[in-house]
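This briefing covers helix packing, sheet pairing and backbone geometry. The structure comes before the notes.

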Amino acid sequence: MNGLVLRTMAMLLAAALGAIATGLLLADHWGWALFCTTLIALLAYHLRHLALLNRWVSGASTDPIPESSGVWDEVFAGLYRRHRLEVRQRRRFARLLARSQQAGRALPYGVTILGPDMQIVWCNDSAEAHFSISRESDIGQPITNLVRQPEFAGYIKSANYAEPLEIATARPDELILSIQMVPYVDSHHLLLSRDVTQAYKLGIMRRDFVANVSHELRTPLTVLIGFLETVRDLKLDASRSRDYLNLMAEQGHRMQSIIEDLLTLSTLESALQPPGDERIDMAALLAQVRNEAESLSAGRHSLSVEVEPGVDLTGNTGEITSAFSNLANNAVRYTPPGGSIRIQWRAAGDGAEYCVTDSGIGIAAEHLPRLTERFYRVDRSRSRETGGTGLGLAIAKHALARHQATLAIESEAGKGSCFTVRFPRSRVLAVQPRSVALN
Ligand SMILES: Nc1ncnc2c1ncn2[C@@H]1O[C@H](COP(=O)(O)OP(=O)(O)O)[C@@H](O)[C@H]1O
Ligand SMILES: [Mg+2]
């Protein structure tokens, strides 16, 4: 038996004993009167506390426990303890819920909770961005009303969610999403979405690259095989045979150049280390660039080279030579005989710049943004005739980017081009002081 019942029974017993004693000492009716008064007082006391309890139970959950006295103290203290525990637990759950919602919102993946009818129950920030939906205004809407791609509707309807689905979103930036449905509690589903645009584009680039390489190598190989069969099948005199062999060697060299350029490009792309900080003797480097350009021009162009003395770079000599030579050689190759080519190296701003200006065939504006792509050529046959692989500018761009340099191209079809490479201050070495003779 609990304390409240025991104490109430004890009070009743005390009242009964008091009444009996009063009856014996005074008179019976005094005894009965005392007993009734005590019972009424006891009833009033319990009723008052019941009323307090009732008011508290039906009030707001934050109301404080009412003041009590006597045996009800114990009851109210027990209730108070339980109430405090509940409030504390509720707060803890609210904090936990808020934290897990925050975690869900911050996930780099899109998470959308869908109800039994595929209506949106909740979604995180990434899902809002992926599907252009709103956590505020689109709750309750079927997801298929908002994401209208037929393949998405088909995937949702299929109920076969073993494999993820890739879809292009209707957003102007053409996001590619990988989405997957995961069954969740009570016929709900989690719709997970992941932005795979980069990987998708990389896949396309890789496929294009393999197709381009195959195509570039197939052409000289086909020609080479044609010549080989001709030499094998026809009885040619010695001088004709030599002509064919020369043509074959030319095709062989072409394939060799492509493969060498591809290897250079892949070495540059996979190089994790920065290009180092050896001092590059720019006067010597530009003399080498000049020699190459002059031998390529064979006196058909007027060529000028201006080098500001004492402006040296730090980095990789081989990489910078290959980039600078490519720009100079391009100027020679894409300038008709009689044209002029000007090569300049100088300090500029707080860095340095290399400019190659030619009066050649120039480049139409629409080609300029794509010029540094691998195998991109404005005029494929002209590039090939002059021994180009279409990889020179891609190699130059990579080598220069590794030295934090930028490449700017200004050109107009028929009027000539100007290629400018700008190096930041961090790559330029201060002018070495010349020794001054004192007398
Ligand atoms: N100085 C220039 N004048 C005109 N066109 C140029 C010049 N430099 C480059 N180009 C164009 O850019 C293309 C890409 O150059 P590059 O990557 O060096 O390959 P290529 O091996 O064909 O020279 C060339 O095919 C050519 O169409
Ligand atoms: Mg080139």
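The buried residues of helix H12 are Gly392, Leu393, Ala394, Ile395, Ala396, Lys397, Ala399 and Leu400; a residue is buried if 20 or more other C-beta atoms lie within 10 Å of its own, exposed if 12 or fewer, and partly exposed in between, with C-beta atoms placed from the backbone. This is a predicted model, in which local features need pLDDT of at least 70, side-chain atom pairs count only at pLDDT 80 or more, and totals for chains, interfaces and linings use all residues. Residues are numbered from 1 along each chain as its sequence is written, and chains are lettered from A and ligands numbered from 1 in the order in which they are written. Helices (H or I, at least four residues) and strands (E, at least two) are DSSP runs, numbered from the N terminus.

**Helix H12**

- H12 spans residues 392–401 and is mostly covered, with eight of its ten residues buried.
- Its buried residues pack against helix H8 (238–270), helix H10 (317–333), strand S11 (406–412) and strand S12 (416–423); two residues are in contact if their C-beta atoms, placed from the backbone, lie within 7 Å.

**Helix pair H1 and H2**

- Helix H1 (residues 3–25) packs on helix H2 (residues 28–57) at an angle of about 160 degrees, and their axes are 7 Å apart.
- Axes are lines fitted to C-alpha atoms, for helices over the stretch in contact, and angles run from 0 to 180 degrees between N-to-C directions.
- H1 and H2 are therefore roughly antiparallel to each other; angles under 35 degrees count as roughly parallel, over 145 as roughly antiparallel, 65 to 115 as roughly perpendicular and the rest as oblique.
- The crossing of H1 past H2 is right-handed; a crossing is left-handed if the near helix is turned anticlockwise from the far one by less than a right angle, and right-handed if clockwise.
- On the H1 side the contact is made by Met11, Ala15, Ala16, Gly18, Ala19, Ile20, Thr22 and Gly23, and on the H2 side by Asp28, Trp30, Gly31, Trp32, Leu34, Phe35, Thr38, Leu39 and Leu42.
- The residues of this contact of H1 with H2 comprise eleven nonpolar, five polar and one charged; Ala, Val, Leu, Ile, Met, Phe, Trp, Tyr, Cys and Pro count as nonpolar, Asp, Glu, Lys and Arg as charged, and the others, Gly among them, as polar.

**Helix pair H7 and H8**

- Helix H7 (residues 197–233) and H8 pack at an angle of about 160 degrees, with axes 9 Å apart.
- H7 and H8 are therefore roughly antiparallel to each other, and H7 passes H8 in a left-handed crossing.
- Residues of H7 that meet H8 include Val213, Glu216, Leu217 and Pro220, and those of H8 that meet H7 include Ser241, Tyr244, Leu247 and Met248.
- The contact of H7 with H8 divides into 15 nonpolar, four polar and two charged residues.

**Five-stranded sheet**

- Five strands form an open sheet in the order S2-S1-S5-S4-S3, with antiparallel pairing; two strands pair if DSSP finds at least two bridges between them.
- Strand S2 (120–123) and strand S3 (165–168) stand at the edges with a single partner strand each, so one side of each has no neighbour in the sheet.
- Neighbouring strands of this sheet are turned by 25 degrees against each other on average, direction ignored.
- Strand S1 (residues 110–114) pairs with strand S5 (residues 189–195) over five bridges in the antiparallel sense, and threonine 112 stands opposite leucine 191 in S5.
- Strand S4 (residues 176–183) is joined to S5 by seven bridges, and the two run antiparallel.
- In S5, leucine 192 is the bridge partner of glutamine 180, and serine 193 is that of isoleucine 179.

**Three-stranded sheet**

- An open sheet of three strands has the order S6-S8-S13, with antiparallel pairing.
- Strand S6 (278–280) and strand S13 (428–429) stand at the edges, each with a single partner strand, so one side of each lacks a neighbour in the sheet.
- Three bridges pair S6 with strand S8 (residues 312–315) in the antiparallel sense, and isoleucine 280 stands opposite leucine 313 in S8.

**Positive phi values**

- Most residues other than glycine have a negative phi.
- S4 and S5 form a hairpin with five residues between them, and aspartate 186 in the turn has a positive phi of about 45 degrees.
- Serine 187, in the loop between S4 and S5, has a positive phi near 55 degrees.
- Serine 187 is exposed, with 10 other C-beta atoms within 10 Å.
- Alanine 159 lies in the loop between helix H6 (150–158) and S3, and its phi is positive, near 60 degrees.
- Alanine 159 counts as exposed, with 9 C-beta neighbours inside 10 Å.
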